[in-house]
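Visitor: Welcome me in, please, and walk me through the strands of this model.

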Amino acid sequence: MQRPLVALLLLAALVGTADAAHAADLYVVVDDTTSVGEPTPLTIRAARAGPVLVRAWRIQKPMVLVAEGLALDRGEALRFLDPRFPRRTPAQNAMLQAAGLRPSLVGTPFPVPAKTPTEVELRLGEPGLYLIAVTQGRRSAIVTALVSDRGLLVKRDATSLSAWALHRTTGRPWPGTELYVLGAGKPFAGRTDENGRAFFDRAVPPTATIYAKVGAQLALGRTQAWPAPETGRKVFLHTHQPAYRPGERVEVRGILRSRDANGLALDPAIREIGVKLFAPGDKLTAESAATVSAHMGTFAAGFDLPK
């Protein structure tokens, strides 16, 4: 009896390059990065109609948080930085003081209808990392947003990682950029060469975030990988759109290949592949069995996200 392959898909709060947060009946999504001078779009969905209050702070020294192993692209992990946070530990107080917050938006109200996504534009100002709190009544949600002209491309395999720092609109390389790779444990660091490239000749954790910094300009990249369950077999897996909201359907397509003496080829031994969907914390959310095409080596599966 043939044992089917299993492909894994990790689902974050929102699949794609966006930070998302929700508190009971309040849901907020923000693009990770906007260019300097452009507005930062914020999408808000509330169960009740009425005004929401938006506050924002620029984090003056974000690398202090990276050094402590905190992910800058997940606002909920930085909720303790909100000045109104009621249960801050001594260690969190020390990080707040070291990172420093400077108000950017002080209690700006926006009207929102009930159960309808509403987009508002924030003018955050100078380059940097911003903490954004959206409040309606006693409910609040926290996200982070980056204002930067810089971008980061990441490529990795089982034993190494390469990163290219560049200008987001012109594509020019960004030499002399400090890079910090955050995965398991304390981050490790490097610097880009004259071509804007940095190479790390070491194994990287399966899930890692790479931060790039020169002055006030920041950029981030993410990488996720899992060891191949079968030696010599390669699976490429992708979703049909970059981002999803609760309750939407995720369509997944993939390609299976097996390595032989001539390179990668169709694998006639595999006729079925298992696809599993995981939420943060390695929580299994859904799974499905997909038939592998004998002529193309392709497969497809679909999942309905929980609401």
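Guide: Happy to! Two strands pair if DSSP finds at least two bridges between them. Helices (H or I, at least four residues) and strands (E, at least two) are DSSP runs, numbered from the N terminus. This is a predicted model, where local features need pLDDT of at least 70, side-chain atom pairs count only at pLDDT 80 or more, and totals for chains, interfaces and linings use all residues. Residues are numbered from 1 along each chain as its sequence is written, and side-chain values use heavy atoms, with hydrogens and water left out.

Visitor: Which residue in strand 15 is the bridge partner of Leu161?

Guide: Strand 12 pairs with strand 15 (residues 197-200) in the antiparallel sense, over four bridges. Within strand 15, Leu161 has as its bridge partner Phe200.

Visitor: And which residue in strand 12 is the bridge partner of Arg156?

Guide: Strand 11 (residues 150-156) pairs with strand 12 in the antiparallel sense over seven bridges. A hairpin of four residues links the two strands. In strand 12, Arg156 is bridged to Leu161.

Visitor: How many residues of strand 12 are buried?

Guide: Buried means under 20% relative accessible area, exposed over 50%, and partly exposed in between (1.4 Å probe, protein chains only). Strand 12 spans residues 161-167 and is mostly covered. Of its seven residues, the buried ones number six.

Visitor: Which strands stand at the edges of the open sheet of five strands?

Guide: The order in this sheet is 4-10-9-6-7, with mixed pairing. Each edge strand has a single partner strand, so one side of each is left without a neighbour in the sheet. The edges are strand 4 (33-34) and strand 7 (101-112).
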